[in-house]
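I set aside some time today for a helix, a strand and a cavity. Here are my notes, in the order I looked things up.

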Amino acid sequence: MKVVVTGCAGFIGTNFTNYWLDTYTEDIVVGVDCLTYAANIPALFELKKRKTFKFYKTNICDRQEIERIFLAEAPDVVINFAAESHVDRSIENSRIFVETNVLGTQTLLDVCLKYGVKRFHQVSTDEVYGDLPLDTEDMFSECSLLKPSSPYSASKAAADLLVLSYFRTHGLSVSVSRSANNYGKYQHTEKLIPKVVAYALNNREFPTYGNGLNIRDWIHVDDHCSAIDMIIRNASPGSVYNVGGGNLLPNISLIKEILRLMNKSEDLIAFVPDREGHDRKYALNCSKLITELGWKPQVDFSAGLKETILWYKDKA
């Protein structure tokens, strides 16, 4: 197959591109990325050395350029990782989030429709569901209402609905995955785990929102990649799947564990005023993906976290 991966220089996009090239050695991966501040240029440089990878520096909002790529490459599958993803940045300025996450997705959908792409997959987030009370055992299913809290999650929810509307209205073969918090190599240092590691390496106090009790589910990026692969190859058109690791932790517990593994004092934790509209808890019910497609996460969280910390320390 020929596979277009948008956002190929981002955290999950980089890992997925490497995963696909390693797993399906006869396939061609066409990477598309506009190389924002969050792009991992060294990782992209390594990807460019691979014979079955091609790269285009393009913004997914640029209809003319996207059409030029599709006309030249005739992709079978398009996987959309391209997104503005940092909640704090979306609170400060939401416009770029709407442009990239919504209008960019619309551009891709229109061009997929025009050029007969066999499957469009939208990579989304558990944040589209909003949050849960800290003391509940409830979990979000694919049928849960979408109640996004931030401009970022609202833009992702809008994109999800747009993708599904193209299945209903135009018959475009689409699928959507909503993932828990990813961790692993190549993640930008604005994100929690690499940020804690970076601060700890420099013995800097780490600013922790509120009381740090907000709960997140964590999944290793390799497990996320395998789930997307399984969905693309086996899911019915129009399907939505939750993808979680089952590793629910309060932020403060995760921060303390990273400091412990790095032999750093908890005195480096500095509590700061909470983020506006800060979601309390995310928890995903992934039984649909497990039951229908037979997927299960493979990476043990403790081992994966240690490996991830070592990777960032080596790159520091």
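I start with burial: buried means under 20% relative accessible area, exposed over 50%, and partly exposed in between, with a 1.4 Å probe and protein chains only. My helices (H or I, at least four residues) and strands (E, at least two) are DSSP runs, numbered from the N terminus. This is a predicted model, where local features need pLDDT of at least 70, side-chain atom pairs count only at pLDDT 80 or more, and totals for chains, interfaces and linings use all residues. Residues are numbered from 1 along each chain as its sequence is written, and side-chain values use heavy atoms, with hydrogens and water left out.

**Entry 1: helix α3**

Which residues of α3 are buried? In this helix, residues 63-73, I found I66, E67, I69, F70 and E73. They share one side of α3 because they cover an arc of only 160° around the axis, taking the directions from the helix axis to the C-beta atoms. I then turned to the face away from that buried side and noted Q64, L71 and A72 as exposed.

What do the buried residues pack against? I listed β1, β2 (28-33), β3 (53-57), β4 and α5 (95-115), with contact meaning heavy atoms within 4.5 Å. Just after the helix, A74 has a positive phi of about 50°.

**Entry 2: strand β4**

Next I followed β4, residues 77-80, where V77 and I79 point one way, V78 and N80 point the other way, and all are buried. In a regular strand, side chains alternate between the two faces of the sheet.

I checked its partners too, counting two strands as paired if DSSP finds at least two bridges between them. β1 (residues 2-6) pairs with β4 in the parallel sense over four bridges, and V4 stands opposite V78. β5 (residues 119-125) also runs parallel to β4, joined by four bridges; here V77 stands opposite R119.

**Entry 3: the cavity**

How many cavities of 30 Å³ or more does the structure hold? I got one. A cavity here is a set of points on a 1 Å grid over the protein atoms alone where a 1.4 Å probe fits but cannot get out, and lining residues have an atom within 4 Å of a point. The largest cavity has about 40 Å³ of space, the volume being that filled by probe spheres set on points joined across faces, edges and corners.

Its lining is V196, Y199, A200, R204, F206, I255, L259 and L268.

Note on methods
1 Å grid on protein atoms, 1.4 Å probe; cavity = no way out; pocket = protein on both sides within 12 Å on 5 of 7 lines; lining within 4 Å.
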